[in-house]
Amino acid sequence: MSSENIHLFNTLTRSKERFVPIEKGHVRMYTCGPTVYDYSHIGNMRAFLFEDLLKRWLEYRGFKVTHVMNLTDVDDRTIKAARSQGIPIKQHTERFIQAFFEDIAILNIEKADIFPKATDHIPGMVALVKKLLDKGYAYRSEDGSIYFNISKFKDYGKLAKIQVGKLKAGARVKVDEYEKEQASDFVLWKAWDPDDGDVFWETEIGKGRPGWHIECSTMSMKYLGETFDIHCGGVDNLFPHHENEIAQSEAATGKKFVNYWLHNEHLLVEGKKMAKRLGNYFTVRDLTAKGYDPVAIRYLMMSTHYRQQLNFTFEGLDAAKKTLDRLTNFMHRLLEANGTAGGDDIQQLMEKMQKGFEEAMDDDLNISIALAHVFDFVRDVNNLLDSNLVSREQALEIHNLMLRFDKALGVIGEVYKEEKLPKDAEELISRREEARKAKDWKTADQIREQLKTMGIVIEDTAQGVRWRTEKH
Ligand code: AMP
Ligand code: ZN
């Protein structure tokens with residue numbers, strides 16, 4: 001079965017491994033979601049687009065995928081942002097949660113099955129911290145905060161490949177994000193301090209709020225089980241976030257937490273990571289406001305392999321748009337084709353390209369190779385179309401195959417959806433329908449010609465009238 005040939009690069013082992021889910025045919029996948037303190041930038045979107053491609057590919061190969069993506073709606077950044085606005089944290093994050101959903105919809109990212117919010121899972125986090133205290137992996141500091149003792153967890157550092165032996169015993173870190181060199185006991189529960197304002201929970205383990213890492217351990221295990229298949233995020237999440245998730249989860253359950261860890265490389269701007277704190281970022285809305293096509297943003301991000309850094313430029317975005325136009329023009333041409341069948345050639349070309357595309361995608365989503373197969377094919381078929389050597393049936397078969405790939409890519413179907421008819425064309429089409437009903441073929445033909453001069457091609461099918469714009 002083809003689904004047995006998928007190989008994914010596992011950060012745990014730093015090697016490509018054959019992907020075998022715990023339950024046959026069913027993948028359980030957790031992806032770290034947005035921190036909803038502000039709009040996501042397109043660097044964040046690169047992570048979500050990679051995860052979308054992965055999920056769509058698994059679905060293409062016949063797996064059922066249960067996908068959980070959390071919403072980080074309480075952490076250092078969300079508290080700081082809400083306080084600087086002088087509004088309750090919920091009010092602040094709710095606005096950016098809505099914006100996030102709008103952004104992923106516009107980029108045609110499939111929704112996760114569950115989008116758990118950290119603030120809805122505080123009791124689960126408290127229970128997990130208690131368990132770690134009971135088992136002796138955690139301890140309380142002078143200010144009442146609770147820390148994870150990394151020297152107690154023998155596998156600490158296995159994901160980021162760091163040697164704990166070299167670290168200073170008992171050193172602690174309270175912030176959510178820090179460097180590998182600062183690896184030390186990390187915070188599970190932060191005792192309230194005045195900077196937190198009204199953001200706290202009164203719980204069995206004290207008045208305070210969770211650390212960022214315990215949020216993801218709690219929500220992933222709640223919805224996917226103590227051991228699940230895939231966990232994703234950007235490379236910046238590898239340490240400390242994912243390392244700490246492993247430590248907390250495995251120390252609590254005694255079981256392996258995740259089988260495959262996948263990390264996407266960064267989107268860069270002039271050689272630096274796109275990041276809010278560097279001010280070198282664009283949001284999806286910044287780009288659409290400038291007139292850029294969101295499908296081109298999707299294509300640009302997706303067409304570079306996820307483990308390669310990608311430098312964002314406007315030239316790159318323009319080039320992505322041009323490539324997309326080539327694909328859509330090809331699709332339009334296929335719908336117009338009505339030539340003579342040119343022999344077995346086309347069947348062979350189709351088989352070759354499908355095999356090439358699928359094998360490349362199975363190989364750790366090797367999108368560059370997969371797309372190269374598609375574009376070789378497009379060039380060959382375009383040549384045949386130029387010589388009128390593609391029959392209507394063949395063209396429709398090719399059209400269907402392209403749409404099948406597009407289930408994984410999510411770019412061609414979107415272009416179709418975006419096209420809207422101008423109002424006067426809509427009126428002409430309905431007038432033509434009336435004429436046809438009245439068997440007034442002359443008027444119907446006249447209107448068809450008129451639409452054609454407007455660049456709109458009409459087709460009468462068994463399902464009713466279809467239209468498309470002619471782009472040449
Ligand atoms: P955040 O909203 O900061 O919690 O991040 C959401 C996701 O975006 C995480 O998976 C990050 O690792 C990822 N991410 C952040 N910046 C970038 C970037 N410049 N390129 C690619 N992924 C990123
Ligand atoms: Zn996370």
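Predicted model: local features only at pLDDT ≥ 70, side-chain atom pairs only at ≥ 80, totals over all residues.
Residues are numbered from 1 along each chain as its sequence is written, ligands are numbered from 1 in the order in which they are written, and side-chain values use heavy atoms, with hydrogens and water left out.

Next, display the shell around ligand 1. Of its 19 residues, T35, G234, D236, L267 and M274 come nearest (a residue counts if one of its heavy atoms lies within 4 Å). Helix α1 (42-60) gives the most to this shell, with four residues, and β11 (228-234) also supplies at least two.

Then select L267, where a backbone N or O atom lies 2.8 Å from a nitrogen atom of ligand 1. At M274, a backbone N or O atom lies 2.9 Å from a nitrogen atom of the ligand. For R77, a polar side-chain atom lies 3.1 Å from an oxygen atom of ligand 1. The protein covers 94% of the 500 Å² of accessible area that ligand 1 has on its own (Shrake-Rupley method, 1.4 Å probe).

Finally, move to V173 in strand β7 (residues 172-173). V173 is buried, at 7% relative accessible area (buried means under 20%). Its contacts (heavy atoms within 4.5 Å) include Y147, Y178 and F186. The C-alpha atoms of V173 and D185 are separated by 6.2 Å, at 12 residues apart along the chain.

Note on methods: Buried < 20%, exposed > 50% of the residue type's maximum accessible area, 1.4 Å probe, protein only. Polar contact = N/O pair within 3.5 Å; in protein donor to acceptor, adjacent residues only side chain to side chain. Lists of a residue's contacts leave out its neighbours within four places in sequence.
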